[in-house]
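The questions below ask how the descriptions of a structure follow from the cut-offs behind them. Please keep the structure in view while reading the answers.

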Amino acid sequence: MSVLHQPSMFDEDVTAGPALGDLSTTTRTELSDGAWVDHRPGWLTGSEQVLDTLLRDVPWRAEERQMYDRQVAVPRLLCWYSGAVPFPHPVLDDARTALNAHYRPGPPDRFVTAGLCLYRDGADSVAWHGDRIGRGATQDTMVAILSVGSGRTLALRPRGGGAGPRFHLGHGDLVVMGGSCQRTWEHAVPKTAKPVGPRISIQFRPIGVA
Ligand SMILES: O=C(O)CCC(=O)C(=O)O
Ligand SMILES: [Fe+2]
C-alpha cells in the first residue's frame, strides 16, 4: 500500500501493542425517532500498529459507481470481510467479541462482518447515506465503527437534512449507531482541506446489513 503514513506527534506511545479498553465509559447521544449513537474515545490504544498492519496487509481495492453517463471512482478504498475467517488483525476479532459481549444483541443483530474503508487523505470521503441495504432498511440495527489513523469527522443529520451531532474519530475511537439510526438518520465523512494522513474505518455489522 503506497499511502504515506507518518506517526503524528499527538500519538500515544507508538511502540505500545494494541489493547482494547472497557466499554462501560461509553457515552450515549439520543437522537430523534429512537435513533442513538454511542461514543467511546480511545477504546483501542496502540492503534498505530493496527493502522500499519492494515495499510500493509489488506488487499485494498478501488470501486467505481455509475454517475449519469460515466463511471466515477468512489473516493476511498475498500475491503470487506464476511467474518468467516479471522480478520486481518487479531485485535479486530477481539473488538467484535467485546462488542457482542457489551451490547448482547439477539442472533440476527450480532456483529459478524467487517467492512474496512481507507480514507487516504482529506480528499477521500463518503456522502450522506444510511446503511439501508438489508435489515437496516426496515428494522433497528447496530453498526459499530472503530477508527484508526488520522482524525476525521463523522457527521449525522436527520434523513433528508437538518442539524445533528458530529464526532471526531481517529486513533482508536469507537462509535456505535443504533436504534432506527440507519433508516431515520444519515451519516457522512466529509472531505477536509486540512492536511490529514490516512484513516481506516472498521465497521462491524450484522449479517446482511450494509
Ligand atoms: O468512515 C466511516 O466511519 C463511515 C463509513 C460508512 O458510513 C459506511 O461505509 O457505510
Ligand atoms: Fe455508513
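Q: In what order do the 8 strands of the open sheet lie, and what is the sense of their pairing?
A: The 8 strands form an open sheet in the order S2-S3-S12-S9-S14-S7-S6-S5, with antiparallel pairing. Strands here are DSSP runs of E with at least two residues, helices are DSSP runs of H or I with at least four, and both are numbered from the N terminus; two strands pair if DSSP finds at least two bridges between them. The model is predicted, so local features need pLDDT of at least 70 and side-chain atom pairs count only at pLDDT 80 or more, whereas totals for chains, interfaces and linings use all residues. Residues are numbered from 1 along each chain as its sequence is written, and chains are lettered from A and ligands numbered from 1 in the order in which they are written.

Q: What makes S2 and S5 the edge strands?
A: Strand S2 (27-30) and S5 each pair on one side only, and these are the edge strands of the sheet. From one strand to the next, the twist averages 25°, where axes are lines fitted to C-alpha atoms, for helices over the stretch in contact, and angles run from 0 to 180 degrees between N-to-C directions.

Q: How do you know that S7 and S14 pair?
A: S7 and S14 are joined by 7 bridges and run antiparallel, which is set against a requirement of at least two bridges, and therefore they count as paired. Within this pairing Cys117 stands opposite Ser201 in S14, and Ala114 has Phe204 as its bridge partner.

Q: Which other strand is joined to S14, and by how many bridges?
A: Strand S9 (residues 143-149) is joined to S14 by 6 bridges and runs antiparallel to it; here Ile145 has Gln203 as its bridge partner in S14.

Q: Why is S14 called mostly covered?
A: Of the 7 residues of S14, 7 are buried, a word used when 20 or more other C-beta atoms, placed from the backbone, lie within 10 Å of a residue's own, while exposed means 12 or fewer and partly exposed lies in between. Arg199, Ser201, Gln203 and Arg205 point one way from the strand, whereas Ile200, Ile202 and Phe204 point the other way. In a regular strand the side chains alternate between the two faces of the sheet.

Q: Why is Arg152 counted as buried?
A: Arg152 has 25 C-beta neighbours inside 10 Å, and therefore counts as buried. Its place is in strand S10, and, leaving aside residues up to four places away in sequence, Arg152 touches Tyr119, Leu169, Gly170, Val189, Thr192, Val196 and Arg199; contact means C-beta atoms, placed from the backbone, within 7 Å.

Q: Why is Arg104 called exposed?
A: Arg104 has 9 other C-beta atoms within 10 Å, and so is exposed. Arg104 lies in the loop between helix H2 (90-103) and S7.

Definitions and conventions. Two residues are in contact if their C-beta atoms, placed from the backbone, lie within 7 Å.
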